[in-house]
Amino acid sequence: MGSISVKKYCIVEKGLNEQHAGSKARNDVADTLIKEGWNPLRVSPPVVKENVSYAERIRMGLVLMKDWRKVTKTVKEEDQILIQYPLEMYPKVAMLALRYIKQLKRKKVKIIILIHDIESLRTQDKKQKEWYQHAEKSFLCLADDVIAHNKKMIGYLKKIGLDTRIHALETFDYLVEAESIQKAETKENQNAVIIAGNLSEEKAGYVYQLDQVNAEFRLYGPNLNTEAIGAGNITYKGSFPPDDLPRVLHGKFGLVWDGKSIDECGGEFGQYMQYNNPHKTSLYLASKIPVIVWEKAAIAEFIRENHLGIQVGSLREIPEKLAALTGETYDEMLQNVSAMGEKLRKGEMLRKVLREIENLE
């Protein structure tokens, strides 16, 4: 049994509030932990951008070392610390934090690492993949407990040699006040399929082929090339901060899809969907909207087991699937989504995993 003086800390990196889910998941983790009595240790805002100059990397490195030295002085022997991975900083600069995490390990601090992204699963470049796998193992092997997205991701981490306790989050929470979705709840349910997120041609190329699918789509998010959208079945509703989205989303289903094709989630994005939990799944569920998901996505199992939506192999299947859906089946989905959404809005998925870890002590 731990000492009464044991304290719990969480690293908080404050990012830019961009109008997509980039920083929402991290902020929600920090907010949930702070509500649970964890003490925030703030490290400087990250500089995440391509082609960082050598001088800028040096400056970032010095800032990082100063911040983490303070962390190692604050956190005492047998305290607990939760770190969100990867650190929101240029990857090679982030490696400088390793020496400080090793110091915490030597002090017998209990380290929990919660994973947001595994970059070695995202890249198809062999050299990059090897570098990221090395970086990931270097960080994650220092943890007493790792919180991964799901069973598929856990399998991958074990395959690359991670030998530590790993827990499945199942899906990310999405903190939002229930009142902010009342408007969406009372609005008459229409047949539109919602797509929320980064709408750039690189990330969501499939959006620009939706004129081939006989269904109505509503798009929410930044970077849409409106000139490349020729379809009359698409309505663009604008870009909103993540906390405002649940209030403005209206539709029958939310689509969880990625990549360039309407026939499958291919390429790097499709590969990644077979292992990660897309944050937009949590957005839809927190907004009380059932989901349509690619049948090979890792999150599809969670959706299937909890009856929270439907799976498709290709977006061309959507009209047929919607036509076959009975009112009774959809109402049952709505009830399940409503119950799950309440958990996500309160941070229950993270709380559940933390209780699981605590019970293992």
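A bit of housekeeping comes before the tour. This is a predicted model, where local features need pLDDT of at least 70 and side-chain atom pairs count only at pLDDT 80 or more, while totals for chains, interfaces and linings use all residues. Residues are numbered from 1 along each chain as its sequence is written, and side-chain values use heavy atoms, with hydrogens and water left out.

Let's begin with the sheet. Six strands, in the order β2-β1-β3-β4-β5-β6, form an open sheet with parallel pairing. Strands here are DSSP runs of E with at least two residues, helices are runs of H or I with at least four residues, and both are numbered from the N terminus. Two strands count as paired if DSSP finds at least two bridges between them. At the edges sit β2 (39–43) and β6 (165–168), each of which pairs on one side only. From one strand to the next, the twist averages 25°.

Now zoom in on β5. Strand β4 (residues 110–115) is joined to β5 (residues 145–148) by 3 bridges, and the two run parallel. In this part of the sheet, I113 stands opposite V146 in β5. Strand β5 also has 4 bridges to β6, again running parallel, and the bridge partner of I147 in β6 is H167.

Which residues of β5 are buried on one side, and which on the other? D145 and I147 are on one side, V146 and A148 are on the other, and all of them are buried, leaving both faces of β5 covered. Buried means under 20% relative accessible area, exposed means over 50%, and partly exposed is in between, using a 1.4 Å probe and protein chains only.

Contact means heavy atoms within 4.5 Å. Helix α15 (residues 348–359) lies across β1, β3, β4, β5 and β6, and runs at about 155° to β5. For these angles, axes are lines fitted to C-alpha atoms, for helices over the stretch in contact, and the angles run from 0 to 180 degrees between N-to-C directions.

Time for some charges. Side chains of opposite charge can pair when their charged atoms come close. In a salt bridge, a side-chain nitrogen of Lys or Arg is within 4 Å of a carboxyl oxygen of Asp or Glu. A search of the whole structure turns up 19 salt bridges. One of them brings together the side chains of E36 and R351, at 2.6 Å from N to O. This pair links distant parts of the chain: E36 is in the loop between α1 and β2, R351 is in helix α15, and they are 315 residues apart. E36 counts as partly exposed because its relative accessible area is 42%, while R351 counts as buried because its value is 15%.

Compare that with E130 and K126, whose side chains meet in a salt bridge at 3.2 Å, N to O. Both lie in helix α6 (residues 126–140), 4 residues apart, about one turn of the helix. Here E130 is partly exposed at 43% relative accessibility, and K126 is exposed at 63%. R218 and E216 also form a salt bridge, at 3.7 Å from N to O. R218 is buried, with a relative accessible area of 9%, whereas E216 is partly exposed at 36%. Elsewhere, salt bridges that share partners join E13, R26 and E88 into one network.

Finally, take a look at the backbone. The peptide bond from Y85 to P86 is cis, with omega near 0°, and P86 is found in the loop between β3 and α3 (91–94). N223 has a positive phi of about 70° although it is not a glycine. You'll find N223 in the loop between β8 (217–220) and β9 (234–238), and at 48% relative accessibility N223 counts as partly exposed. K288, also a residue other than glycine, has a positive phi near 65°; K288 lies in the loop between α11 (279–286) and β11 (291–294).
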